[in-house]
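Please open the structure in your viewer and keep the selection tool at hand.

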Amino acid sequence: MGNNIMFFYLYSIKKGRLVSMLLRLKVRSDTAEDFILLIDADATNTFSQLHELLQKECNLNPSQAVAFFTADEEWDKGIEIIMSPDDPLHPFSSNEMTMSNTRLVELLKNKEDKLLYTFDVLNDKSLYIELFEIVMEKTINTPAVKLHKGKTPVQSSMNKTGKQSRVKN
């Protein structure tokens, strides 16, 4: 796949209809080594839809601050995709991307593109997401888990006394 896949997706027409793309994502954790998720997502799904699936599948606390980041080959953070402009932990500027208004195809354009999903900001715990396959002319409405293997990573949170506690998975 070339660098112009978004252009191809948005503007290619085959037999009078837009050509669709299914993105196949592999999700891993560095804190739960046997953990793996395989997810199918439509290229037009939003980061918010992927976030909701990860929250549900990994039994994460929805009150915790989370963010997606693009990542390079060494998993260094790049562009941040924040939860919402109202998030007090992330002062919003007009050039930032939010999960609800950013489609996956905007940042996942090529096989092996990477994302970090930081789900435990206090302990800098993230899920490592890699685009491993692009299937043309396939589509689904919402992201779906195709495989869940291993124990889900543990999320920490602050309790009412200000002490850290572990969220049970």
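**First stop: Q155**

Select Q155, which counts as buried because its relative accessibility is 0%, below the 20% limit used for that class. Please note at the outset that the model is predicted. Q155 is found in strand 11, which covers residues 155-158.

**Second stop: the whole chain**

Zoom out until the entire chain is in view. Its secondary structure comes to three helices and twelve strands. The chain has 169 residues, and buried residues make up 43% of them. The chain exposes about 9,500 Å², of which carbon and sulfur atoms supply 49%.

Consider next the contacts between residues at least 6 apart in sequence: 62% of these join residues at least 24 apart.

Select residues 47-57, which form helix 2. Which residues of this helix are buried? Colour F47, S48, L50, H51, L53, L54 and Q55 to see them. Then move just past the end of helix 2 to N59, where phi is positive, at about 55°. As background for this stop and for two later ones, most residues other than glycine have a negative phi.

Select T70, A71, D72, E73, D76, K77, G78, L107, E112, D113, K114 and L115, the residues that line the largest pocket. Strand 5 (67-71), strand 6 (77-82) and strand 8 each give two or more residues to this lining. The space in the pocket amounts to about 160 Å³.

How many of the lining residues are nonpolar, polar and charged? The lining divides into three nonpolar, two polar and seven charged residues. Colouring the selection by these classes will display the division.

K114 lies in strand 8, which spans residues 114-120. Is K114 buried or exposed? K114 is buried because its relative accessible area is 13%, and the class requires a value under 20%.

Show the neighbours of K114 next. Leaving aside residues within four places in sequence, K114 is in contact with F69, T70, A71, D72, E73, W75, I129 and E130. One of these, A71, is 43 residues from K114 along the chain, yet the two C-alpha atoms are separated by 5.1 Å. A polar atom of the K114 side chain also lies 3.2 Å from the backbone oxygen of E112.

E112 is not a glycine, yet its phi is positive, at about 80°.

Select D113 next, which lies in the loop between helix 3 (104-107) and strand 8. The side chain of D113 reaches the backbone nitrogen of N110 at 2.9 Å. Apart from neighbours within four places in sequence, the contacts of D113 are L107, L108, I129, E130 and L131. Draw a distance between the C-alpha atoms of D113 and T70: these residues are 43 apart along the chain, and the separation is 8.2 Å.

**Last stop: W75**

Finish with W75, one of the residues in contact with K114. Where is W75 found? W75 is in the loop between strand 5 and strand 6. Its relative accessible area is 24%, so W75 is partly exposed; that class runs from the 20% limit for buried residues to the 50% limit for exposed ones. W75 has a positive phi of about 70°, although it is not a glycine.

Technical notes: Residues are numbered from 1 along each chain as its sequence is written. Side-chain values use heavy atoms; hydrogens and water are left out. Helices (H or I, at least four residues) and strands (E, at least two) are DSSP runs, numbered from the N terminus. Buried means under 20% relative accessible area, exposed over 50%, partly exposed in between (1.4 Å probe, protein chains only). A polar contact is a pair of N or O atoms within 3.5 Å; within protein, one must be able to donate a hydrogen and the other to accept it, and residues adjacent in sequence count only if both atoms are side-chain atoms. Contact means heavy atoms within 4.5 Å. Accessible areas come from the Shrake-Rupley method with a 1.4 Å probe; for residues, only the protein chains shown count as cover. On a 1 Å grid over the protein atoms alone, a cavity is a set of points where a 1.4 Å probe fits but cannot get out, and a pocket is an open set with protein on both sides within 12 Å along at least five of seven lines; lining residues have an atom within 4 Å of a point. Grid points are joined across faces, edges and corners, and a volume is the space filled by probe spheres set on the points. Ala, Val, Leu, Ile, Met, Phe, Trp, Tyr, Cys and Pro count as nonpolar, Asp, Glu, Lys and Arg as charged, and the others, Gly among them, as polar.
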